[in-house]
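Have a look at the fold first, then read on.

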Amino acid sequence: MRYFLAIFVFAIVAVVSLAGLRGSKFSRDPLFLIPDMEWQVKYRPQGENSFAGFNDHRDDRPVPAGVIQRGYGWAMAEVFSPSYAYAPVQNPSFYTGRDAAGNLYKGFPVHVTADFIELGHQKFNINCAVCHGITGNGGGITKVGYNMGTVRDLTDMSYMAAKSEGDIFTTITYGHGKMGPYGDRITPEERWAIVAYVRALQLAGNASPDDVPSEQRAKLGL
């Protein structure tokens, strides 16, 4: 027990000697146990350096002219493999929502399946339904609960029929009016899936019994 008390007292004395009493002031320089962590040799954003190779002496270097992004994230083995193919070059419309002539894409630059539409269903409910409503009729919580009167009814065919799939994709990517951009939160695949699901909501919101396949009408009592 006495050894423990001795070590305990020694630890307290050592801490007080190094750190000082709470609230006390010192005139001497502070003690840094790891000085190279306090004064690191590195460039800082918007900082200045004296390197002779930089005429403007900026730490934060501009991107060289003509540089094109290669790959995403830290997948170094994939990005720098000899067989690597930059995806946006292979299918530009999938990433931009526009065709080769620069016009808004009509149709889908990806194969649409039931699973693909279901992906759009999930992402729509997460990102879009809060304003546009679960059925896409514009009756989301922002309108019903907070009186936001400018939410678009996505099932309004008089408006939506004139919009191409690439137009909807671009709206999701960059936003429109009070709607902010979602391009940094939703992947291109998920955006196209949402577009496919929006088209499904439009069909459902404007469907008639004649649109139901004959083999399914009996199950629905039609």
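This is a predicted model: local features need pLDDT of at least 70, side-chain atom pairs count only at pLDDT 80 or more; totals for chains, interfaces and linings use all residues.

Residues are numbered from 1 along each chain as its sequence is written, and side-chain values use heavy atoms, with hydrogens and water left out.

**Helix α11**
- Helix α11 covers residues 188-205; helices here are DSSP runs (H or I, at least four residues), numbered from the N terminus.
- Its 18 residues reach 25 Å from first C-alpha to last, close to the 26 Å expected at 1.5 Å a residue (1.5 Å times one less than the number of residues).
- Since 13 of those 18 residues are buried, α11 is largely enclosed by the rest of the structure (buried means under 20% relative accessible area, with a 1.4 Å probe and protein chains only).

**α10 against α11**
- Helix α10 (residues 165-174) packs on α11 at about 125 degrees, with the axes 9 Å apart (axes are lines fitted to C-alpha atoms over the stretch in contact, and angles run from 0 to 180 degrees between N-to-C directions).
- That makes α10 oblique to α11 (oblique is what remains after under 35 degrees for roughly parallel, over 145 for roughly antiparallel and 65 to 115 for roughly perpendicular).
- In α10, Ile 168, Phe 169 and Ile 172 are among the residues that meet α11, whose side of the contact includes Trp 192, Ile 194 and Val 195 (contact means heavy atoms within 4.5 Å).
- α10 is mostly covered, with nine of its 10 residues buried, and the buried ones pack against α5 (92-96), α9 (157-160) and α11.

**α6 against α11**
- The axes of α6 and α11 come within 7 Å and cross at roughly 95 degrees.
- That makes α6 roughly perpendicular to α11.

**Phe 124**
- Phe 124 sits in helix α6 (residues 114-127) and counts as buried, at 1% relative accessibility.
- Leaving out residues up to four places away in sequence, Phe 124 touches several residues, including Leu 154, Ile 194, Tyr 197, Val 198 and Leu 201.
- Ile 134 lies 10 residues from Phe 124 along the chain, and their C-alpha atoms are separated by 8.2 Å.

How values were computed:
Helices (H or I, at least four residues) and strands (E, at least two) are DSSP runs, numbered from the N terminus. Buried means under 20% relative accessible area, exposed over 50%, partly exposed in between (1.4 Å probe, protein chains only).
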